[in-house]
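The sequence and structure are shown first, and the description follows.

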Amino acid sequence: MPIIGLGTWQINGEDLEISLEAALESGYRSIDTATIYQNEDVIGRVVKKWIDAGKLKREELYIVTKLPPCFMRPEDVEPCLRSSLEKLQLDYVDLYLIHVPFGFKNVDGQMVPVTELGVVDLDMNTDHLAIWKMMEEMVDKHLTRDIGLSNFNIPQIRRVLSRSRIPPANLQVELHVLNQQNELVNYCKRNHISVTSYSTFASPGCKPFFDSIGIEVYIPDLFSDPVVKKIAETHGKNPAQVLLRHMAQKGIAVIPKSKNPDRVKSNFDIFDFVLNDDEMKQLNNLNADPPIRVVDMTMFPG
Ligand SMILES: NC(=O)c1ccc[n+]([C@@H]2O[C@H](COP(=O)([O-])OP(=O)(O)OC[C@H]3O[C@@H](n4cnc5c(N)ncnc54)[C@H](OP(=O)(O)O)[C@@H]3O)[C@@H](O)[C@H]2O)c1
């Protein structure tokens with residue numbers, strides 16, 4: 001998979017069209033979406049436009065989408081993936097991820113069903129192994145090329161891996177300098193599972209979202225970190241580029257999101273400099289103990 005892709009959480013409509021156009025113009029070929037982002041149709045429209053115009057071939061793209069928690073049952077996997085494909089106007093995706101290790105009840109397909117008590121209507125019978133078997137069938141049916149996991153921890157991955165016919169190709173988790181999850185990353189490397197960092201900037205734009213659902217969240221300002229700033233100055237790059245380069249240089253894919261076309265372009269511009277061993281060490285040493293996690297799933301009370 002490409003080492004860099006475009007993230008698309010909390011972006012939709014015209015903003016997403018502009019961002020995606022800028023990304024494709026800049027050279028991005030990987031796009032990260034999810035059923036729960038409810039923007040697959042916009043991505044499908046833009047991608048089709050590019051393919052129809054002969055500016056892009058399907059096989060040049062790497063499209064990732066995810067099984068949402070409300071469809072965490074074996075019988076829901078195929079209809080959900082087929083619905084994503086319809087919206088994306090594609091015959092297959094490149095990577096299909098299980099979005100989170102927990103499930104919600106399927107209440108008329110609501111993305112986040114809520115009980116009368118105001119908490120999320122959880123499905124306590126979620127069965128990772130049964131779902132994984134169905135994920136494997138999606139590969140057999142050529143509806144996705146690869147399958148993987150997101151937000152799973154080591155025991156959960158180990159269990160899937162031990163019973164899989166087709167092993168997970170990728171794990172997507174929150175990874176940034178203050179939350180480097182070394183044990184998890186090393187476990188994946190040992191088991192030939194590629195890793196994708198989400199929220200590489202610690203998701204600085206997600207505060208309004210958390211505010212809107214009444215959840216207090218601490219978002220560290222990684223762009224102002226003195227170590228990051230100093231290294232950026234040394235290379236004539238900006239802090240965002242250093243944060244992305246740090247992950248990429250560790251062999252971890254990045255999927256930064258931006259609705260600003262200039263930022264989309266500059267986030268891709270990380271291939272003309274190399275961080276030296278000392279700089280990598282300084283950035284590795286920013287890892288916080290305990291780690292600072294932004295997307296900690298408290299957005300789903302219950
Ligand atoms: N699997 C999961 O559970 C999961 C969870 C979270 C995220 N993700 C995926 O990972 C992607 C990235 O994570 P994220 O969206 O949480 O956060 P992120 O990429 O860490 O940060 C995005 C924020 O940074 C700002 N930004 C982007 N480039 C910048 C730059 N060069 N300089 C200054 N600010 C910049 C953006 O603002 P502007 O838009 O205003 O530029 C936006 O507010 C998501 O979009 C999604 O695809 C997956």
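## Strands and sheet

Strand β2 and strand β3 (residues 62–67) pair in the parallel sense over three bridges; two strands pair if DSSP finds at least two bridges between them. Helices (H or I, at least four residues) and strands (E, at least two) are DSSP runs, numbered from the N terminus. Within this pairing, Ser30 stands opposite Tyr62 in β3, and Asp32 stands opposite Val64 in β3. Strand β3 is mostly covered, with six of its six residues buried. Buried means under 20% relative accessible area, exposed over 50%, and partly exposed in between (1.4 Å probe, protein chains only).

Both strands belong to an open sheet of eight strands, in the order β1-β2-β3-β4-β7-β8-β9-β10 with parallel pairing. Its edge strands are β1 (6–7) and β10 (253–254), each of which pairs on one side only.

## Basis of the model

The model is predicted: local features need pLDDT of at least 70 and side-chain atom pairs count only at pLDDT 80 or more, while totals for chains, interfaces and linings use all residues. Residues are numbered from 1 along each chain as its sequence is written, and side-chain values use heavy atoms, with hydrogens and water left out.

## Annotated features

An unreviewed UniProt entry places the feature "domain: NADP-dependent oxidoreductase" at residues 4–287. UniProt positions are given in the numbering used here, feature names are shortened, and annotations may be inferred rather than shown by experiment. The span of residues 4–287 is 41% helix and 14% strand, and its end C-alpha atoms lie 22 Å apart.

For "active site", UniProt (unreviewed entry) lists Tyr37. Tyr37 is in the loop between β2 and α2 and counts as buried, at 15% relative accessibility. Leaving aside neighbours within four places in sequence, Tyr37 is in contact (heavy atoms within 4.5 Å) with Thr8, Trp9, Asn12, Asp32, Lys66 and His99.

## Backbone exceptions

Most residues other than glycine have a negative phi, and most peptide bonds are trans. Gln38 is in the loop between β2 (30–32) and α2 (40–52), and its phi is near 55°, a positive value in a residue other than glycine. Gln38 is exposed, with a relative accessible area of 52%.

Ser199 also has a phi near 55°, a positive value in a residue other than glycine. Ser199 lies in the loop between β9 (194–198) and α7 (207–212) and counts as buried at 15% relative accessibility. Not counting residues up to four places away in sequence, Ser199 touches Glu174, Leu175, His176 and Val295. Pro290 is found in the segment after α11 (277–284).

The largest pocket has a volume of about 1,200 Å³. Of the 49 residues that line the largest pocket, the closest to its centre are Trp9, Gln10, Ser199, Ser203 and Cys206. On a 1 Å grid over the protein atoms alone, a pocket is an open set of points where a 1.4 Å probe fits, with protein on both sides within 12 Å along at least five of seven lines; lining residues have an atom within 4 Å of a point. Grid points are joined across faces, edges and corners, and a volume is the space filled by probe spheres set on the points. Helix α10 (residues 261–268) gives the largest share of this lining, three residues. The lining of the largest pocket divides into 26 nonpolar, 18 polar and five charged residues. Here Ala, Val, Leu, Ile, Met, Phe, Trp, Tyr, Cys and Pro count as nonpolar, Asp, Glu, Lys and Arg as charged, and the others, Gly among them, as polar.

The second largest pocket has a volume of about 220 Å³. Among the 17 residues that line the second largest pocket, Asn151, Phe152, Asn153, Gln181 and Arg293 are the closest to its centre. The elements that give two or more residues to this lining are α5 (154–162) and β8 (170–174). The lining of the second largest pocket comprises ten nonpolar, four polar and three charged residues.
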